[in-house]
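Hi everyone, thanks for coming.

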Amino acid sequence: MKEGLLSVSTEIGSINIGDYIQALASSQFLKKIDTFIEREKLNEYDGEDIAMIMNGWYMHHPEHWPPSPQIHPLFISFHLNDLADNHLLNKESLDYLRQYEPIGCRDYSTVNKLMSRGIKAYFSGCMTLTLGYKYHSVQKDDKVYFTDPPVLFAGKMDKIKYLLYSVYHFNDKYRIYRKWYGRDKFDIRNIIKVSKFYHVYNNLFDRKLLLEAEYIQQEGSFYYYEYKTPQALLEKAEQMVQTYAKASCVVTSRIHCALPCLGLETPVLFINDRSQSSVSSCRLDGLLQLFNVVHYSNGSLVPFLEYDEMNKITKDNFPNNKKSWRCFADELIGKCNKFLAEIENH
């Protein structure tokens, strides 16, 4: 039987490379990738029978669910988003999912939705916890990365305030701006964003850490325009995971940066936006407990531990990761290897 991998496209010209970091996690267990199948068009596949690990976020176009009968799925690290409840929890979908019980879910929100409708389900964690299976690195490069740190504004006057503040510590802010957005990109909105970032994050993180860090964006139109194929996006995701594997430490608001860092055994702090909608927060129940978390609330950072102004977070005192993720990673690895061995022997 052939082996396939999920790809994810959008209609708005922007790609979240986190979708391909999830795909990379699944690809570790495949002998080969015979084809990519678009997540938003799963019902359109009409080729040879194909085995697929069906982890990820479902879905923007639920009218294309359930998947083709030619797809033989392992449902693990499955997230059913609030946006798709009406369709993915209808009788046709539930009858489909019942064939593949128990359903391994990425979060407790999905577990509860399925179990309340009579579907056997359990919390599996995310496939990206397994990335150390192939990509763990004992070599570290002493670099710090901030990946999409959230910067939130309380209306127009708040933006004007931080535009005015941009003249203070200008050299520091310009140094961060160049790393975050490049030397040649001048955008007043990004100047204001960096200005507020500096003032908010410098309350918790050491100035030297902020200035020496590298800044990464995991979502944007540049992925859409620069990486034209699923294979190219998968290779970019692999490069990013290799970067995280060698990092000294990482600060991020992206679960598909933070979860890989756990699996790669790279120290990571997760910045949780407390103001996010349920469409976003429903992804986190069960995952949030695996991280060291700093909450972004009312324009300030609220850490899981108390750091005073004389003891800000540095590379030297950066907190060690929790260990609770390991059991989930081990179980995911075992289930994926078993699934593909059974497919091969079928």
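Let's start with strand β15, where six of the six residues are buried, so the rest of the structure largely encloses this strand. Keep in mind that what you're looking at is a predicted model.

Now, which residues of β15 sit on which side? On one side you have N292, V294 and Y296, and on the other V293, H295 and S297. Every one of those is buried, and that covers both faces of β15.

You can pick out individual partners here: N272 has H295 as its bridge partner in β15, and I271 stands opposite V294. Then there's β16, which pairs with β15 in the antiparallel sense, over four bridges. V294 turns up again here, standing opposite P303 in β16. Between β15 and β16 you get a hairpin with two residues between the strands, and in that hairpin N298 takes a positive phi near 55 degrees.

Let's zoom out to the sheet. It's an open one of six strands, in the order β11-β10-β13-β14-β15-β16, and the pairing is mixed. For anyone new to this, strands of a sheet pair through backbone hydrogen bonds, either parallel or antiparallel. Which strands are at the edges? Those are β11 (214-216) and β16 (300-303), each pairing on one side only. Going from one strand to the next, the twist averages 20 degrees.

On to a pair of helices. The axes of α6 (residues 156-165) and α8 (residues 188-201) come within 8 Å and cross at roughly 80 degrees. The two helices are therefore roughly perpendicular to each other. From α6, the contact uses D158, K159, Y162, L163 and Y165, while α8 brings in I188, I192, S195, K196 and H199. Sorted by type, the residues in this contact are five nonpolar, two polar and three charged.

A disulfide would need the two sulfurs within 2.5 Å. For C336, the closest cysteine sulfur is in C126, 11 Å away, so that's too far for a bond. Both C261 and C336 are buried, with a relative accessible area of 0% for C261 and also 0% for C336.

A cis peptide bond joins Y58 and M59, with omega about -15 degrees, and M59 lies in the loop between β5 (56-58) and β6 (71-74). A cis bond also joins E101 and P102, where omega is about -10 degrees; P102 is in the loop between α3 (91-98) and β8 (103-105).

Then look at D142, which isn't a glycine but has a positive phi of about 70 degrees. D142 lies in the loop between α5 (132-135) and β10 (144-147), and is exposed, with a relative accessible area of 51%. E265 has a positive phi as well, near 65 degrees. You'll find E265 in the loop between α12 (255-264) and β14, partly exposed at 37% relative accessible area.

Notes. Residues numbered from 1 in each chain as written. Predicted model: local features only at pLDDT ≥ 70, side-chain atom pairs only at ≥ 80, totals over all residues. Heavy atoms only, no water. Buried < 20%, exposed > 50% of the residue type's maximum accessible area, 1.4 Å probe, protein only. Axes fitted to C-alpha atoms, helices over the stretch in contact; angles between N-to-C directions. Parallel < 35°, antiparallel > 145°, perpendicular 65-115°, else oblique. Contact = heavy atoms within 4.5 Å. Nonpolar A, V, L, I, M, F, W, Y, C, P; charged D, E, K, R; others polar. Pairing = 2+ DSSP bridges.
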